[in-house]
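Dear colleague,

I am handing over a structure for you to look through, and my notes on it come after the display. Please keep it open beside them as you read.

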Amino acid sequence: MLVLVAPGQGAQTPGFLTPWLELPGAADRVAAWSDAIGLDLAHYGTQADADAIRDTAVAQPLLVAAGLLSASALGDVAPGAVAGHSVGEFTAAAFTGVLDDTAALTLVRKRGLAMAEAAAVTETGMSALLGGDPEVTVPHLEKLGLTAANVNGAGQIVAAGTLEQLAALEADKPEGVRRVVALKVAGAFHTRHMAPAVETLAAAAKELAPADPKITYVSNKDGQTVATGGEVLDRLVGQVANPVRWDLCMETFKELGVTALVEVCPGGTLTGLAKRALPGVTTLALKTPDDLDAARELIAEHA
């Protein structure tokens, strides 16, 4: 059984979209998406520097566009399930037909702008904790006023809060945590700091008519499968200010009988977690079009 997954913010690197735009029809698709959302995706994906694509309002639609473009390059894929990490859930929603590509990108553009606005209120950020026991780590974060914004499994939790709180974490790591690594994001996503963005996104979502998922959709909220388009959309809205439970998503993959996992562009983060948390599952990350042939072979074996 194949699972198709999409990464979240922080996976982007300067120029990562460049080779994908050389595929037939890709540049035209990206140009049309850019016109629809008022953002030059080709420029940001090929020429912009790391600081420019760190901007939440840019990074989110750029990641969704890259995921959609790379997934379509695979051809007619029939995975057993789809999921996305954080903003990758919008990519997954488009994979499974809840939203069409343009609707997903339009909504995620509004999400990025709203989250950037919320992040500007207070200086906040996120840091990954490597190692440690969640039962020890989470209460320690709460003591420091931080939120376990991403519980990723495989011994990784991402803390989010103010820069002062994150500095205190550096000086006072939870027992068992080897390292604290600051992430390339511009705010404390999936925390109470993003509450204003939820209202904006909820208003935008009311304008959409989501379809029910054609493929099993696994939600970040609790790792559960979601059967209706309306509930998928509700969860996309609420997830902005609530923790990502990727650990529970991977538990659901196990229960569904996953044998292979393919991560769309810019792949690497989620396959890394899967290698540690899902032993025996074959993984492949789409980084450039050079990875497509191997991905198609894997899909043919497991889909």
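The notes below start with a strand and then turn to salt bridges.

This is a predicted model, in which local features need pLDDT of at least 70 and side-chain atom pairs count only at pLDDT 80 or more, while totals for chains, interfaces and linings use all residues. Residues are numbered from 1 along each chain as its sequence is written, and side-chain values use heavy atoms, with hydrogens and water left out.

Helices (H or I, at least four residues) and strands (E, at least two) are DSSP runs numbered from the N terminus. In strand 1, residues 2-6, five of the five residues are buried, where buried means under 20% relative accessible area, exposed over 50% and partly exposed in between, with a 1.4 Å probe and protein chains only. L2, L4 and A6 lie on one side of this strand and V3 and V5 on the other, and both faces are covered. Strands pair if DSSP finds at least two bridges between them; strand 1 pairs in the parallel sense with strand 9 (residues 260-263) over four bridges, and L4 has V262 as its bridge partner there. Four bridges also join strand 1 to strand 2 (residues 81-84), again running parallel, with L4 opposite V82.

A salt bridge is a side-chain nitrogen of Lys or Arg within 4 Å of a carboxyl oxygen of Asp or Glu, and the count comes to eight. One of them joins K110 and E207 at 3.8 Å, N to O; because K110 lies in helix 6 and E207 in the loop between helix 9 and strand 7, this pair ties together parts that are 97 residues apart in sequence.

Best wishes
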